[in-house]
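I set out to record what I looked up in this structure, entry by entry.

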Amino acid sequence: MDRAPEPHSGWTFVTNHSRVLAAIAEDRTTRVRDIAARCRLTERAVQKIIADLEEGGYLTHVREGRSNVYRVAPDTLLRHPADTPATVADLLSILVRHDSERPVASAVEDHDAP
């Protein structure tokens with residue numbers, strides 16, 4: 001592992017569950033170790049989050065050799081009633097990073113332009 005996760009206190013805009021789900025959506029064969037490094041979590045925390053997501057019906061996995069291959073359930077509704085009728089796909093469309101995306105600052109500037 002590269003290094004220990006940095007401590008954080010206070011609130012954040014994105015939950016660890018959504019960070020892990022986005023990492024898996026970007027690479028269905030990613031390893032727990034890689035998710036932990038990317039999300040700055042411990043491997044144990046990532047394993048727990050994956051178990052939560054599977055129990056909630058948001059994620060499944062199959063073993064292929066020594067690796068897991070994950071499947072995200074994109075049509076599953078988000079858990080909080082205030083998010084209805086948003087789905088996992090809706091959330092991931094915001095969270096998953098794409099190489100072709102513009103930087104946030106320019107997207108905001110373009111939005112405000114006349």
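My notes on the model and on selected residues follow.

**Basis.** I worked from a predicted model, in which local features need pLDDT of at least 70, side-chain atom pairs count only at pLDDT 80 or more, and totals for chains, interfaces and linings use all residues. Residues are numbered from 1 along each chain as its sequence is written, and side-chain values use heavy atoms, with hydrogens and water left out.

**S93.** I located S93 in helix 4 (residues 88-95); helices (H or I, at least four residues) and strands (E, at least two) are DSSP runs, numbered from the N terminus. S93 has a relative accessible area of 51% and is therefore exposed; buried means under 20%, exposed over 50%, partly exposed in between (1.4 Å probe, protein chains only). The side chain of S93 reaches the backbone oxygen of D90 at 2.7 Å. I also noted A22, which lies 71 residues from S93 in sequence but 9.2 Å from S93 in space, C-alpha to C-alpha.

**Aromatic pairs.** My search of the whole structure found one aromatic pair. W11 and F13 form this pair, edge-to-face, at 4.8 Å centre to centre with 75° between the planes. Rings of Phe, Tyr and Trp (its six-membered ring) pair if their centres lie within 6.5 Å; planes under 30 degrees apart count as stacked, over 60 as edge-to-face and the rest as tilted. I found both W11 and F13 exposed.

**Backbone.** Most residues other than glycine have a negative phi, and most peptide bonds are trans. I recorded a cis peptide bond between T84 and P85, with omega about 5°. P85 sits in the loop between strand 2 (67-72) and helix 4. For R40, a residue other than glycine, I noted a positive phi near 60°. R40 lies in the loop between helix 2 (32-39) and helix 3 (43-55), and R40 counts as partly exposed because its relative accessibility is 48%.

Terms used. Polar contact = N/O pair within 3.5 Å; in protein donor to acceptor, adjacent residues only side chain to side chain.
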